Amino acid sequence: MKFDFVKCHGSGNDFPLIDARAIDLAAAEWAAVARALADRRGPVGGDGLLLLGQGDEEHQFSMVMYNSDGSEAETCLNGLRCVARLGFEALGIDAGQVRLKTSSAAVVRDAELAPGVYTVRETAGPAGLDAAAWPLHGAGARIVEAVVPPLGSARLFTAVAMPNPHLVSFVDRVDEAELVALGSACEAAPDWLPNRANVSFVEMRGGDLFVRTFERGVGLTDSCGSAMAASAFAACLTGRLAYDAPITVFNKGGLVRAEVARDAMVSLSGNATWEWRGTVTVDLAAERAGDLIVHGHCDAEIAAWAGLADAASR
């Protein structure tokens with residue numbers, strides 16, 4: 001089956017993005033497409049697959065996100081900005097409400113983070129604190145700056161649903177080996193955490209945050225939008241940062257601007273960058289992609305983001 005797509009990224013979180021509004025495939029078939037296209041060994045690669053879907057009476061359009069392992073995520077805020085951009089372009093609008101798997105989010109074209117960087121502001125939430133609903137067993141329904149006994153770590157975590165589940169720990173310095181070990185323990189879907197969870201280590205950098213995440217269904221990733229939102233919320237909840245104030249959240253892929261309201265709604269303003277457009281054929285049965293045709297690279301956008309990301313890393 002042949003697909004037209006845009007290769008895009010939000011804060012370094014990269015995806016093939018398909019306008020799926022007129023494509024009739026079952027969820028299992030889309031999962032196969034995701035495993036084929038997001039495979040880093042294949043011709044496209046990515047942290048997952050994004051789909052622009054039809055809207056309804058309350059939503060201008062919808063988003064579906066499949067992780068690289070084919071599992072469907074409740075949301076992906078870095079990906080949402082990219083889907084919003086494609087939806088804006090398709091419908092000739094610059095703001096809307098997006099239906100997600102279990103919630104919805106508001107999106108609007110925002111002032112550019114830097115010249116040439118297409119920027120979208122998204123507002124999602126409210127952030128949830130009922131970890132028992134994930135479910136997470138053996139640690140209490142609300143986990144705020146507390147040990148998660150089944151995890152076997154002495155670190156203190158805050159459990160936040162955005163609405164996908166996140167375990168956030170504030171650290172003096174990110175230890176990637178430890179993060180991978182804890183993330184892998186959650187990724188194994190043990191009895192105490194059957195639906196898995198994202199795990200983030202967060203460094204305070206003055207009034208800013210640096211977030212590193214082991215993402216459910218992906219692994220260690222340069223950026224995870226919902227993790228940045230969950231981390232910003234956790235920082236305000238625990239008194240490290242103030243509500244209703246701008247926060248810059250850095251990651252290995254770049255940065256976003258965040259703001260956390262007292263009603264637990266979280267806004268992120270970040271890039272939605274087109275890298276290139278292409279057409280690819282996917283063998284659904286073999287879950288293999290081939291016959292890639294690249295229609296063009298977006299060199300100006302790539303350079304604009306690269307300049308911002310380079311400045312952010314200094």
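Modeller: What covers the buried residues of helix 3 includes strand 10 (165-170), strand 11 (198-205), strand 12 (208-215) and strand 13 (219-221). The model is a predicted one. The buried residues in helix 3 are Leu179, Leu182, Gly183 and Cys186. Viewed down the helix axis, these buried residues fall within an arc of 100 degrees, so they line one face of helix 3.

The length of the helix can be checked as well. Helix 3 has 12 residues (residues 176-187), which at 1.5 Å a residue should span 16 Å; the C-alpha atoms at its ends are 16 Å apart, so the expectation and the model agree.

Both ends of the helix have features to note. After helix 3 comes alanine 189, which has a positive phi, near 55 degrees.

The largest nonpolar core holds 54 residues, of which Leu209 and Ile247 touch the most other members. Helix 4 (residues 225-237) supplies the largest share of this core, eight residues. Apart from this core lies another, of 32 residues, with Trp192, Val199, Phe210 and Trp305 among them. Leaving aside residues up to four places away in sequence, leucine 209 touches residues including Phe170, Val202, Ser231, Ala235, Ile247 and Phe250.

Methods: Residues numbered from 1 in each chain as written. Predicted model: local features only at pLDDT ≥ 70, side-chain atom pairs only at ≥ 80, totals over all residues. Heavy atoms only, no water. Core = buried A, V, L, I, M, F, W, Y, C linked by side-chain atoms within 4.5 Å. Buried < 20%, exposed > 50% of the residue type's maximum accessible area, 1.4 Å probe, protein only. Helix = DSSP H or I, 4+ residues; strand = E, 2+ residues; numbered from the N terminus. Contact = heavy atoms within 4.5 Å. Expected span 1.5 Å × (residues − 1). Arc of directions from axis to C-beta.
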